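Q: Can you walk me through how the two chains meet? Keep it quick, please.
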Protein chains: 2
Amino acid sequence: MKIDPRHMDYRDAHHLLIGAIVPRPIAWVSTVGENGVFNLAPFSFYAGLSVKPAIVGFAVGSRRDGSPKDTLRNVLFRKDFVINVVNEALQDTMNTSATPFPPEVSEFEKAGLTPARADLVKAPLVAEAPVSMECQLRQILEFGEFPNQSSFIIGEVLLMHVKDGLLVNGAIDVAQLKAIGRLEGDNYCRTGDRFYMQMPRNSL
Amino acid sequence: MKIDPRHMDYRDAHHLLIGAIVPRPIAWVSTVGENGVFNLAPFSFYAGLSVKPAIVGFAVGSRRDGSPKDTLRNVLFRKDFVINVVNEALQDTMNTSATPFPPEVSEFEKAGLTPARADLVKAPLVAEAPVSMECQLRQILEFGEFPNQSSFIIGEVLLMHVKDGLLVNGAIDVAQLKAIGRLEGDNYCRTGDRFYMQMPRNSL
């Protein structure tokens, strides 16, 4: 079956695309607004772009009425953000933070989470998160037209916070981390059903 | 524990970052070289950037000696590529395609896969893949310095191919798809351990 996404409406194209790019990691992004309110929201169009420098990017779609989400406005104003990792223990609070609250409401309060001061950026860490990355804005790529704009926010990781015991031989222990990922629609996956497959290092 | 990736060597920073961005979808990218040879390789720094237009991006790191990988050279020359979805049935062939073969060797042959002609691009589809996306190059972002450059290749999805029966109510059936994702190191996860969590649609 062949489908041309250029001839689909936004909703149908969205359904299709999020089923083809799976499983997706969740960037749980904390920012601080011009009004000083701490914002928190999850995004799953999210990837590493480079290791050295450590560059990450995530896409923020516009609201249904075409207006920008708080995350984008805050990043544009403050030039920084924190990406927190979502694990099984935090999945409900992550979902609460996805509620489109007005700018004067903090998702931290609504979700019962603790903002912690970052070392190098103005955005707060989620104190409960197993891993957090302080990021400085580098660049924003803009796609699409009103009301379906998408802003791909690119930043450099300045500092990583990893909970004690989670780092084993310089790597994050996936078994302890229990990260969750996004699938099609409102489906998620756990990362407990794992297998190991050594990547070939040399030409055959 | 706090870690500054700017003060780590490439290898250590890589280990750390790939454990923090999990689970990652796999872009199994097919291209065609200037020499006409079909290339195929997996990349997991991969994300959607926009829904309408349907924009995707994936990062290609340089080889250890700092030279460009075939995928990057082919995309630069042909201006297009195909992203194929990797499921459990294809995991071994995907891993074989990750071997750094010389440019004159086709990963399709080595892995026993069938290249199929695409409709709109020069790059071939993996005939065995459950989902394939024909993409046109839009832009490449360059990061890092020799020998650790990273090229984030951004393209527009022109046409999606979805195997019969996999599309249910306009969405890809994740249960049938059986996609796999990447974790830290050479660890992978399956997407069979799922849960549903409705995203809040309205302000509380």
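A: A term to begin with: two strands pair if DSSP finds at least two bridges between them. Strands (E, at least two residues) are DSSP runs, numbered from the N terminus. This is a predicted model, where local features need pLDDT of at least 70, side-chain atom pairs count only at pLDDT 80 or more, and totals for chains, interfaces and linings use all residues. Residues are numbered from 1 along each chain as its sequence is written.

Q: Which strand of chain B does strand 14 of chain A join?
A: Strand 15 (residues 194-196) of chain B.

Q: How many residues are in contact?
A: 95 of chain B with 95 of chain A. Contact means heavy atoms within 4.5 Å.

Q: How much area do the chains bury between them?
A: About 9,000 Å², with 66% of it on carbon and sulfur atoms. Buried area is the accessible area (1.4 Å probe) that two parts lose on being put together, summed over both.

Q: How many salt bridges between chain B and chain A?
A: The count is 4. Each is a side-chain nitrogen of Lys or Arg within 4 Å of a carboxyl oxygen of Asp or Glu. One of them links A:Lys2 and B:Asp119, at 2.9 Å, N to O.

Q: Which strand of chain B gives the most to the side that touches chain A?
A: Strand 10 (residues 150-162), with 10 residues.

Q: New topic. What rotation superposes chain B on chain A?
A: 180 degrees, with 0.0 Å of shift along its axis and an RMSD of 0.0 Å. That is the relation of a two-fold axis.

How values were computed. Chains lettered and ligands numbered in written order. Heavy atoms only, no water. Helix = DSSP H or I, 4+ residues; strand = E, 2+ residues; numbered from the N terminus. Least-squares fit on C-alpha atoms with pLDDT ≥ 70 in both.
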